[in-house]
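User: Please take a close look at one part of this model, the contact between the two chains. What builds it, and which pairings can be named?

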Amino acid sequence: MKDARPLRAPADAPGSVPNAVEGETDGTARRLWLRCLAYAHPDRLETAWNALHEPPAYALLRPPETGLAMIRARMGGTGRPFNLGEMTVTRCVVRLAGGQVGVGFVAGRGQRHATLVALFDALLQDESRHAALSESLITPLAAEQQGHRAKAAAKTARTKVDFFTMVRGE
Amino acid sequence: MYVAVKGGERAIDEAHRQLAEKRRGDPAVPRLSARQIGEQLGLAVDRVMAEGALYDRDLAARAIRQAMGDLIEAAFLVRAYRTTLPRLAVTEPVDTNRMAVGRRVSATFKDLPGGQILGPTFDYTHRLLDLEESGPDAPDGPLPEEQSDDADEPQPGGSAADTPKVLQLLDHEGLIEPDEAAGDGAGGEAENGDGTPLEGNEPADLTREPLSFPAGRDARLQALARSDEGFCLGLAYSTQRGFGRTHPFAGEIRMGTVAIEIVPEELGFPVEIGAITLTECDMINQFTGAKGVPPQFTRGYGLVFGHSERKAMAMSLVDRAMRAPEFGEPETAPAQDQEFVLLHGDNVESSGFLQHLKLPHYVDFQAELSLLRDLRAELEGRKTADAAAGDEGEGENA
């Protein structure tokens, strides 16, 4: 899209600093919740959205749009970059009535997913809602996702080879 | 000369109707869902994503169904679809050192840190076709324990500390060539390994710029990653049999999920938007040395979408073979000839050019036919004339 103008400076701009981490300016907390939201099942986010007491009014600054991202990799894993191939991605940017701008960027073609990520990203920047949403949505999502990872890692570990050496004689 | 020919519409419509019928098969048998294809024919999906050069499991599964299982046709459908989408972003380079591995083996070190992890593999199976459909594959057989209740999205995890790359062990001792500098103009040596300068710091992108020769290693790796697995495998095999031998050892093969990070312009910092499955192969190849450089092993690299070990390994062999000029090796074999490899490995291109032979060439052919008739007539005429002359000659001699 040609009208892809930057909407706002990064999270260190006044008024858009997430309050989860005091004085953070590099988006650490925001990166964490965006990650949780991106990995969450869209139905889960839909349910959370429907459960909000007062669903806020919002405007679509960038309506959900599906496109491509070129995936970069590095030669040998750590060398110079090269283009490996593309993947589908979907993005959406919303602004709440309170002025918070939420950005949703997800792998795949889930337009509703990207919209919900953007909405929750904006809501989590709202100081009056942050704590409750963190507790009811982000914390459990993070725990579940961590659980999935641990489970997958444990499953994989069961195929780890235990070498033993046959000893001849005594 | 091309002449517009009309009149086939009705036949074409009917042919398409029959194609749809054939695709569906016996209506008494339930239609496959894209989800079923994704879940149960996952490696076909991986191959279509790799050769279609687009990571989207659902799209690849649909393409396979539409192509009736013709994976090259499916890759073509995926390539065609991608042209309808705008490019929204370029990801941060994926970090395969932080891959959440599902499989990781090395043929060079038995007791490598992190261990040999087999994961789901065909290796060690007996390749006996199971006609009884017993066991977990039976239609109503018992599910393997802990049937996956994972979320749909792959969940990356793990950390660099868990599974260090095998080649780093050699790297620490200086026994293998270092990875080329990480591109940021480090040491002012921003070149494509074979002396061709790297334009800016942007790696080549075949989806934007056609290949030009000599192609840098960046362009070569991109082309190999999406090249036809059969073509790549055949070339790799040829190097093993002696056509450009590189004495390879499988240093490490790993398969698993890596996180994808993008820097949205609205944010200015990277955010993780999901994860993809990749298969990576670090091949260790015959050592080489040069003036001032002690002998050391060299590298071949393979990286492919999905779980695709054969392709990743083949890619790493062909990558190394094409690096011949860097090491002053004679270029004598097909796999070392980058024009040969890169211009013929794309199955969408090669299939298109091959199949264009089906298009009407009526006029071309008529021209050839009439030329041939003329030649034959001329020859006949000359024969008759010669015979006549011969008769006369004989007459004279008699």
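Analyst: What follows goes through the contact between chain A and chain B.

The model is predicted. Start with extent. Chain A brings 62 residues to the contact, and chain B brings 85 residues. Together they bury about 6400 Å². Carbon and sulfur atoms give 58% of that area. On chain A, three residues lead: A:Tyr39, A:Arg72 and A:Arg80 supply 13% of the area that chain A buries against chain B, more than any other three residues.

Polar links come next. There are 29 residue pairs in polar contact between chain A and chain B, counting pairs with both residues at pLDDT 80 or more. Salt bridges between the two chains number 9. One of them joins A:Arg109 to B:Asp56. Their closest N and O atoms lie 2.8 Å apart.

Now the side of chain A that touches chain B. Several elements each supply at least two residues to this side. In chain A these are helix H1 (28-39), strand S1 (58-74), strand S2 (81-96), strand S3 (101-107) and helix H4 (127-157). By class, the residues of this side divide into 29 nonpolar, 15 polar and 18 charged.

Within S1(B), B:Leu54 stands opposite A:Glu86.

How values were computed:
Residues numbered from 1 in each chain as written. Chains lettered and ligands numbered in written order. Predicted model: local features only at pLDDT ≥ 70, side-chain atom pairs only at ≥ 80, totals over all residues. Heavy atoms only, no water. Contact = heavy atoms within 4.5 Å. Buried area = accessible area lost by both parts, 1.4 Å probe. Salt bridge = Lys/Arg side-chain N within 4 Å of Asp/Glu carboxyl O. Polar contact = N/O pair within 3.5 Å; in protein donor to acceptor, adjacent residues only side chain to side chain. Helix = DSSP H or I, 4+ residues; strand = E, 2+ residues; numbered from the N terminus. Nonpolar A, V, L, I, M, F, W, Y, C, P; charged D, E, K, R; others polar. Pairing = 2+ DSSP bridges.
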